[in-house]
Amino acid sequence: MSKLIIPEIQESHMQTKGMLTPMGRGSFLKYLGASAALTALVLTGCKDDDDDMTIQGVNLGSGDTGILNYAYALEQLEAAFYSQVITSKYSGMSSAEQEILTEIRDHELVHRDFFKAALGSNAIGSLQVDFSSIDFTSRTAVLGAAKVFEDLGVSAYNGAGKLLQSADYLLIAGKIVSVEARHAAAIRDLLSPNSADFAGDDVVTASNGLDAAKAPADVLMAAKTYIKNTINASNLPQS
């Protein structure tokens, strides 16, 4: 089975014996074309690390900072999920499936670490995940959860793009969502090989051929089951 093809944002120069390994900070920021963005990403104001964990929950912040923290929260969730998938492999996982899932995990680790580095002192803390509802010994349960996470991630980036003010951040988000969409297609193909489900009507709008876009409030509500922390998105831009 061939590996995932990730145009433009492909971390091919990270490969060791054909598999991906997490980048160092300088490498992945440069690779994502984020140097200019980081110049502008001296986000105003520093905060104490404990400021996130208030009675109101983990406060994502406002403006572009809030949207980046929103993406960072979702990438933390995905990175944690795929890390557990590879640590506790489900029964009967084939070598091809392991290769695909490992590569997806490594992509998510890169995305997570990118947002943490880019946000600097404005980044939210590490979230506590709750995967107790997922049977990691079951292929059906794991791939079903992966489908949910990937579809949710694509719709989250699509819905948040219009809320970004910085063209640099929008470019980065566009690169990352293209990777997430390929993850979604790969997972769907594992569930239903050689079918049209890789771009199913449940996620692609038939009239325009575009993936769904969801508002942060809807995405966070869907992700709530898997995150122990309360996420405070009240200061995110609405339009």
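User: Which helix does A223 lie in?
Analyst: This is a predicted model, where local features need pLDDT of at least 70 and side-chain atom pairs count only at pLDDT 80 or more, while totals for chains, interfaces and linings use all residues. Residues are numbered from 1 along each chain as its sequence is written, and side-chain values use heavy atoms, with hydrogens and water left out. Helices are DSSP runs of H or I with at least four residues, strands are E runs of at least two, and both are numbered from the N terminus. On that basis, the helix that holds A223 is α7.

User: Does A223 count as buried or exposed?
Analyst: Buried means under 20% relative accessible area, exposed over 50% and partly exposed in between, using a 1.4 Å probe and protein chains only. A223 comes in at 1% relative accessibility, so it counts as buried.

User: Which residues does A223 touch, leaving out those up to four places away in sequence?
Analyst: Contact here is heavy atoms within 4.5 Å. L152 is 71 residues from A223 in sequence, yet their C-alpha atoms are 8.3 Å apart in space. Those up to four places away aside, A223 touches L77 and L152.

User: How do α5 and α7 run relative to each other, roughly parallel or roughly antiparallel?
Analyst: The axes are lines fitted to C-alpha atoms, for helices over the stretch in contact, with angles from 0 to 180 degrees between N-to-C directions. For α5 (residues 139-160) and α7 (residues 216-223), the axes come within 9 Å and cross at roughly 160 degrees. Under 35 degrees is roughly parallel, over 145 roughly antiparallel, 65 to 115 roughly perpendicular, and the rest oblique. So this pair is roughly antiparallel.

User: Which residues of α7 meet α5?
Analyst: The crossing is left-handed, a label for a near helix turned anticlockwise from the far one by less than a right angle (clockwise would be right-handed). On the α5 side you have L152, S155 and A156, and the α7 residues they meet are V219, A222 and A223.

User: How many nonpolar residues are in the contact of α3 with α5?
Analyst: α3 and α5 pack at about 165 degrees with their axes 11 Å apart, and are therefore roughly antiparallel. Among the residues making this contact are Y70, L77 and F81 of α3 and F149, A156 and A160 of α5. Ala, Val, Leu, Ile, Met, Phe, Trp, Tyr, Cys and Pro count as nonpolar, Asp, Glu, Lys and Arg as charged, and the others, Gly among them, as polar. The contact has no polar residues, 3 charged ones, and a nonpolar count of 15.

User: How many charged residues are in the contact of α3 with α6?
Analyst: The α3 and α6 axes come within 13 Å and cross at roughly 25 degrees, which means the two are roughly parallel. D64, L68, E75, E78 and Y82 in α3 meet Y169, I176, E180 and I187 in α6. By class there are 5 nonpolar residues, no polar ones, and a charged count of 4.

User: Which residues touch the most other members of the largest nonpolar core?
Analyst: A nonpolar core is a set of buried Ala, Val, Leu, Ile, Met, Phe, Trp, Tyr and Cys residues joined through side-chain atoms within 4.5 Å. The largest has 57 residues, and the ones touching the most other members are Y70, F81 and L101.

User: Which element gives the most residues to this core?
Analyst: Two or more residues come from each of α3 (63-87), α4 (95-119), α5, α6 (167-191) and α7. With 12 residues, the element giving the most is α3.

User: What share of the protein's residues is buried?
Analyst: The protein has 7 helices and 5 strands. Of its 239 residues, the buried share is 46%.
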